[in-house]
Amino acid sequence: MLMKREITISPQKGTAFELYKGERVKVIDLEGGQVADLLAFRQGEPEEKLSTGVTIDNNGSLYLKKGDLIYSNRYNPLLLIVEDTVEGHDLLHPPCSPEMYRFQYNIRDNHPSCYMNFVESLKEYGIDESLITTPFNIFMNTRVASDGSVEVKEPLSVAGDYIILEAQADLIVAVTACSVEESACNSYRCTAIGLEIYQKL
Ligand SMILES: [Zn+2]
């Protein structure tokens with residue numbers, strides 16, 4: 001595979017980029033124990049976007065693995081999981097936001113958040129804040145018990161673990177290095193996320 005672009009997302013930051021059909025993005029946990037939230041929108045028609053609900057519906061599972069597809073709100077495949085060294089990701093939680101930090105932690109100052117990082121990075125592509133939805137939370141280790149209770153544990157990912165996603169349509173993709181340092185979500189410390197974008201084979 002020929003690498004087209006390499007991006008390092010600094011801790012508590014985010015980015016957005018074009019990913020054309022057949023191109024691949026490798027999302028790397030550089031230091032281990034760090035979550036990366038990911039959103040995807042159809043180019044030119046961002047009202048069609050990644051849907052975690054449809055993805056759970058079509059895969060019949062809360063957990064994704066190699067070979068699974070990530071779907072849009074219109075039931076079209078957007079991304080294929082080509083490789084996955086962790087197989088522990090989350091489809092349930094919203095991006096962390098200023099409101100979440102207030103509600104969960106009583107933090108009222110300007111805490112960095114995945115939500116605000118999505119807002120900023122998607123602006124460049126004309127994608128409005130109102131289209132931000134529940135992301136695919138890569139490396140986020142959410143465990144659901146048989147009674148329905150939900151617990152977020154430290155990620156299973158260690159330094160160098162990654163997932164490779166192949167675009168099934170022309171997309172705008174946004175990725176963040178999650179900003180939560182107050183819980184096990186990112187192992188109580190925020191670190192960087194690596195991205196490698198590969199040309200179509
Ligand atoms: Zn976050």
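**Exercises on the nonpolar core and the open sheet**

Of the 48 residues in the largest nonpolar core, those touching the most other members are Val27, Ala36, Leu38, Ala40, Ile138 and Val173. Strand β11 (residues 171-177) contributes the largest share of this core, six residues. Such a core is a set of buried Ala, Val, Leu, Ile, Met, Phe, Trp, Tyr and Cys residues joined through C-beta atoms within 7 Å. A residue is buried if 20 or more other C-beta atoms lie within 10 Å of its own, exposed if 12 or fewer, and partly exposed in between, with C-beta atoms placed from the backbone. Strands (E, at least two residues) and helices (H or I, at least four) are DSSP runs, numbered from the N terminus.

The model is predicted: local features need pLDDT of at least 70 and side-chain atom pairs pLDDT 80 or more, while totals for chains, interfaces and linings use all residues. Residues are numbered from 1 along each chain as its sequence is written.

**Exercise 1.** State which residues Ile138 contacts, leaving aside neighbours within four places in sequence.

*Solution.* Contact requires C-beta atoms, placed from the backbone, within 7 Å. Ile138 then meets Val27, Val35, Ala36, Leu38, His89 and Ile163.

**Exercise 2.** Give the strand order of the open sheet of four strands and identify its edges.

*Solution.* Two strands pair if DSSP finds at least two bridges between them. The order is β2-β11-β4-β7, with antiparallel pairing. At the edges stand β2 (14-19) and β7 (136-138); each has a single partner strand, so one side of each lacks a neighbour in the sheet. Six bridges join β2 to β11, and Ala16 stands opposite Ala174 in β11.

How values were computed: Contact = placed C-beta atoms within 7 Å.
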